[in-house]
Amino acid sequence: MRSMSERGASLEVVDLVTTYGAVQALNGVSISVPAGSITAVLGANGAGKSSLLRSLSGLVKPKSGKVLVDGQDVFGMAPEDVVQRGMSQVPEGRGVIAELTVDENLRLGGLWRSDKADRAKAVEEAYALFPPLDQRRKRLAMTLSGGERQMLALGRALVARPRVLLLDEPSLGLAPRITAQIMGLVRRLCDETGLTVLLVEQNARSALSVADHGVVLNLGTVVASDDPATLAADDNLRHAYLGF
Amino acid sequence: MDRFLSVTISGLSGGMIYAAVALSLVLIWRATRVVNFAQGAMAMFTTYLAFTVLEHGGSYWVAFPIALLTGLVLGAFVERVLVRPVENGPPLNAVVVTLGVFIFLQGLAGLLFGGRFRSFPAPFSNKNYNLGNVSTVSPFEIFIVLSVALVAALLFALFQYTDVGLRMRAAAFSGEVARMLGVRVGRMLTLGWALAAVAGSLAGILVAPSVFLHPNNMDGVFVFGFTAAVIGGLDSPVGAIVGGLGLGVLLSYVASYAGGDLQTLSALAVLVFILMVKPNGLFSTTATRRV
């Protein structure tokens, strides 16, 4: 594993505005994620969590604002270019490519990189991180369980050796035990490799349990930004937006 | 019995041509969810280009790769320049564009090369070898089977065993996820169309000796190729080959034992039957994807 200084990059989102036609999905969102830390983005359905991720990764072109990865602006770039600037999105569990094998999915994550030897090494590291995948290398991804798919999506993003990871609802459809496992692993990656994580979750409780910082979105606006313990202790916030 | 053998064999070689057309349709369908109705016309056009080379004294072995290469370029051009701008619109838009290309190419071919039927040479003899008294297979039929098999095998290897093939499959199966992983999906789709058009052009130049060269000469072949592709499931390359061969053999039986004018009707009957029994075709994976 690499040292923190090599891996980590800060993510700075400044006044991001995204619109779909006349509908304003993000209304000037600013979030700052220090290198090597986890920030959880919480909120109900329709709060703008998905719009935020899609705007950061380039799947949706934001209207205005800044997206700085280690100070470098990736605002408005195509997703394939954002990946090459060191920021990878992990789509929610179903985002594995079902018709490809586990091994093909993993290899795909690193194909854009020119260093072939390191690509192969990164795939093996992903197998070491997720032993269930190691036993199913030649299986089609469609045969995997929900938890295994989530591991595959995560492992595949790591093969790109990202410095910033955007995680989309990793707990979606998973049993609590598996969710806890995945969250624990993300925490470990941060601590050991200095990976920076923006964790978008509807499952506020489990996200706050691993995050260093929490942000609550509502109707495309940041309504709270604080440390996890404070957010979890705020009854009004919990009832209004977090649902626990 | 002797006749049965030679009818079966000629059905297989004809089926290989339908398989090539079907393969080109399947590759494009998989990548962009568009049925390329211009595929037959594109193949007709590249065969005319090969014919022009022959007319100017070029050898068949120069004309043959020229047909395939111009197919490659034409396929890339049609995707990048004509289909790309409408790719994100309603699916019907792209279909209308391919129909436009179909009409345009037929008109252009008529303009450039005239509307006469031209005979197109075969590189090998069309006379069947005899095994004792049994007429079996002609050298040209062997060439048809081998060349389509070779192109199909090369395409399969490219898709299955190379990095660019993996990118192309990822782009075809899930464009958005592929982009997130750094795949330049647009480029892969252009390449997919280009390779598909090579298979189409191969069918065009192989079928020309038997159907003659004419701006409409691929229309019937296209219909059979399309039928073969649908039988196979429209998104399965293996299905395209199996569908093409099955249809070729069936049509050959119909033509020899029941009469040539029943061919098109029997292809339609098979199509309707398969769609009733297995609406997704014989080899489609679509059903499992939608679960």
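This is a predicted model: local features need pLDDT of at least 70, side-chain atom pairs count only at pLDDT 80 or more; totals for chains, interfaces and linings use all residues.
**Entry 1: chain A as a whole**

I began with chain A and counted its secondary structure, which comes to eleven helices and ten strands. I then looked up the radius of gyration, which is 17 Å against the 18 Å that the globule rule gives for 244 residues, so chain A is as compact as a globular protein of that length. The C-alpha atoms of chain A fill a box of roughly 50 × 35 × 35 Å along the principal axes, and buried residues make up 50% of the 244 residues. For the contacts in chain A between residues at least 6 apart in sequence, I noted that 70% join residues at least 24 apart.

**Entry 2: the sheet of chain A**

I next followed the strands of chain A and found an open sheet of six, in the order β6-β7-β8-β3-β9-β10, with mixed pairing. Its edge strands are β6 (87-90) and β10 (221-226) of chain A, each of which pairs on one side only. Direction ignored, neighbouring strands of this sheet are turned by 20 degrees against each other on average. Helix α2 (residues 49-57) of chain A packs on the sheet, where it touches β3, β6, β7 (164-168), β8 (196-201) and β9 of chain A, and its direction makes about 145 degrees with that of β7(A).

I then went through some of the pairings one by one. Strand β3 (residues 38-42) and strand β9 (residues 213-218) of chain A pair in the parallel sense over four bridges, and Leu42(A) stands opposite Val216(A) in β9(A). Strands β6(A) and β7(A) also run parallel and are joined by four bridges, with Leu165(A) of β7(A) as the bridge partner of Ser88(A). On to β8(A), I found that five bridges join this strand to β7(A), again in parallel, and that Leu166(A) stands opposite Leu198(A) in β8(A).

**Entry 3: strand β7(A)**

Why do I call β7(A) largely enclosed by the rest of the structure? I call β7(A) so because five of its five residues are buried. In a regular strand the side chains alternate between the two faces of the sheet, and I therefore checked the two sides of this strand separately. Val164(A), Leu166(A) and Asp168(A) lie on one side and Leu165(A) and Leu167(A) on the other, and as they are all buried, both faces of β7(A) are covered.

**Entry 4: helix α7(A)**

I checked the length of helix α7 (residues 146-159) of chain A: at 1.5 Å a residue its 14 residues should span 20 Å, and the end C-alpha atoms are 20 Å apart, which agrees. Twelve of the 14 residues of α7(A) are buried, so this helix is largely enclosed by the rest of the structure. The buried residues include Leu152(A), Leu154(A) and Leu158(A), but also Glu148(A), Arg149(A) and Arg156(A). What covers the buried residues of α7(A) includes β6, α4, α5 (116-129), α6 (131-134), β7 and α8 (176-193) of chain A. After α7(A) comes Arg161(A), for which I noted a positive phi, near 50 degrees.

**Entry 5: chain B as a whole**

The C-alpha trace of chain B spans about 65 × 50 × 35 Å along its principal axes, and 49% of the 291 residues count as buried.

**Entry 6: helix α4(B)**

I made the same length check on helix α4 (residues 91-113) of chain B, whose 23 residues should span 33 Å at 1.5 Å a residue; its end C-alpha atoms are 33 Å apart, which agrees. Its buried residues include Val97(B), Val101(B), Phe102(B) and Leu105(B), together with Thr98(B) and Gln106(B). What covers the buried residues of α4(B) includes α2 (39-55) and α3 (60-83) of chain B. Gly114(B) follows α4(B) and has a positive phi, near 80 degrees.

**Entry 7: where the chains touch**

Last, I looked up the contact between the chains, which takes 22 residues from chain A and 18 residues from chain B. On the side of chain A that touches chain B, the elements that give two or more residues are α3 (79-84) and α4 (102-110) of chain A. I sorted the residues of that side by type and recorded twelve nonpolar, five polar and five charged.

Technical notes:
Residues are numbered from 1 along each chain as its sequence is written. Chains are lettered from A and ligands numbered from 1 in the order in which they are written. Two residues are in contact if their C-beta atoms, placed from the backbone, lie within 7 Å. Ala, Val, Leu, Ile, Met, Phe, Trp, Tyr, Cys and Pro count as nonpolar, Asp, Glu, Lys and Arg as charged, and the others, Gly among them, as polar. The expected span of a helix is 1.5 Å times one less than its number of residues. A residue is buried if 20 or more other C-beta atoms lie within 10 Å of its own, exposed if 12 or fewer, and partly exposed in between; C-beta atoms are placed from the backbone. Two strands pair if DSSP finds at least two bridges between them. Axes are lines fitted to C-alpha atoms, for helices over the stretch in contact, and angles run from 0 to 180 degrees between N-to-C directions. The radius of gyration is taken over C-alpha atoms; the globule rule is 2.2 Å times the number of residues to the power 0.38.
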